[in-house]
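Student: I have a structure open and would like to learn how to read it. Could you walk me through some of its features?

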Amino acid sequence: SNCDGETANVLRSHYKRPYFLPSDSESSRIDWIFMGSPGYGAHMHIDNVGHPSWQAQLKGEKKWILEPPLECTDVCTDRMSVIVNTGDIIVLNTNKWFHQTVIMGDELSVTIGSEYD
């Protein structure tokens with residue numbers, strides 16, 4: 001996470017909020033940059049951040065493995081996965097959905113993201 005306001009503003013000068021988010025939605029003051037090599041990723045977890053988030057895949061491809069919130073287990077699929085490719089954006093409430101990522105392919109993965117309300 002980026003906690004330095006000046007650095008966050010420089011980072012934000014290189015992109016805009018995804019066009020499909022409501023125009024009155026606010027982004028958080030924290031932006032994320034995730035980078036990694038093929039075969040690596042994040043273990044299954046749930047976040048503790050303020051709002052849902054979006055993540056844009058700038059380079060490479062990443063597999064997201066999702067498990068539904070506990071209150072949805074009676075009606076939701078047990079586990080699902082999606083491949084996010086260069087240029088794709090995933091929007092997810094990572095406070096509710098358990099998630100794991102694995103970097104696929106043979107190139108470096110670069111992802112940016114932020115929370116929104």
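This is a predicted model: local features need pLDDT of at least 70, side-chain atom pairs count only at pLDDT 80 or more; totals for chains, interfaces and linings use all residues.

Student: Let's start with the open sheet: what is the order of its four strands?

Tutor: In general, strands of a sheet pair through backbone hydrogen bonds, either parallel or antiparallel. Strands here are DSSP runs of E with at least two residues, numbered from the N terminus, and two of them pair if DSSP finds at least two bridges between them. In this model the order is 2-7-4-5, with antiparallel pairing. Strand 2 (41–45) and strand 5 (80–84) are the edge strands, each pairing on one side only. From one strand to the next, the twist averages 20 degrees, using axes that are lines fitted to C-alpha atoms and angles from 0 to 180 degrees between N-to-C directions.

Student: How many bridges join strand 4 to strand 7?

Tutor: Seven, between residues 61–67 and residues 98–104. For example, Leu-66 has His-99 as its bridge partner in strand 7. Look also at Ile-65 in strand 4: this residue counts as buried because its relative accessibility is 12%, the scale being buried under 20% relative accessible area, exposed over 50% and partly exposed in between, with a 1.4 Å probe and protein chains only. Among the residues Ile-65 touches are Met-44, Met-80 and Phe-98, where contact means heavy atoms within 4.5 Å.

Student: Is strand 8 mostly covered or mostly open, and which residues lie on each face?

Tutor: In a regular strand the side chains alternate between the two faces of the sheet. Strand 8 (residues 109–116) is mostly covered, with eight of its eight residues buried. One side carries Ser-109, Thr-111, Gly-113 and Glu-115, and the other Val-110, Ile-112, Ser-114 and Tyr-116.

Student: What does the side chain of Thr-111 make a polar contact with?

Tutor: A polar contact is a pair of N or O atoms within 3.5 Å; within protein, one must be able to donate a hydrogen and the other to accept it, and residues adjacent in sequence count only if both atoms are side-chain atoms. The side chain of Thr-111 makes one of 3.2 Å with that of Lys-62. Thr-111 is buried, at a relative accessible area of 2%.

Student: Which cysteines form the disulfide?

Tutor: A disulfide is a covalent bond between the sulfur atoms of two cysteines; the search looks for cysteine sulfur atoms within 2.5 Å. One is found in the whole structure, joining Cys-72 to Cys-76 with S to S 1.4 Å. Cys-72 is buried, at 15%.

Student: Why is the pair of Tyr-19 and Phe-20 called edge-to-face?

Tutor: Rings of Phe, Tyr and Trp (its six-membered ring) pair if their centres lie within 6.5 Å; planes under 30 degrees apart are stacked, over 60 edge-to-face and the rest tilted. There are two aromatic pairs. The planes of Tyr-19 and Phe-20 are at 80 degrees, with centres 5.3 Å apart, so they are edge-to-face. Trp-32 and Phe-34 form a tilted pair, 6.3 Å centre to centre and 40 degrees between the planes.

Conventions:
Residues are numbered from 1 along each chain as its sequence is written. Side-chain values use heavy atoms; hydrogens and water are left out. Lists of a residue's contacts leave out its neighbours within four places in sequence.
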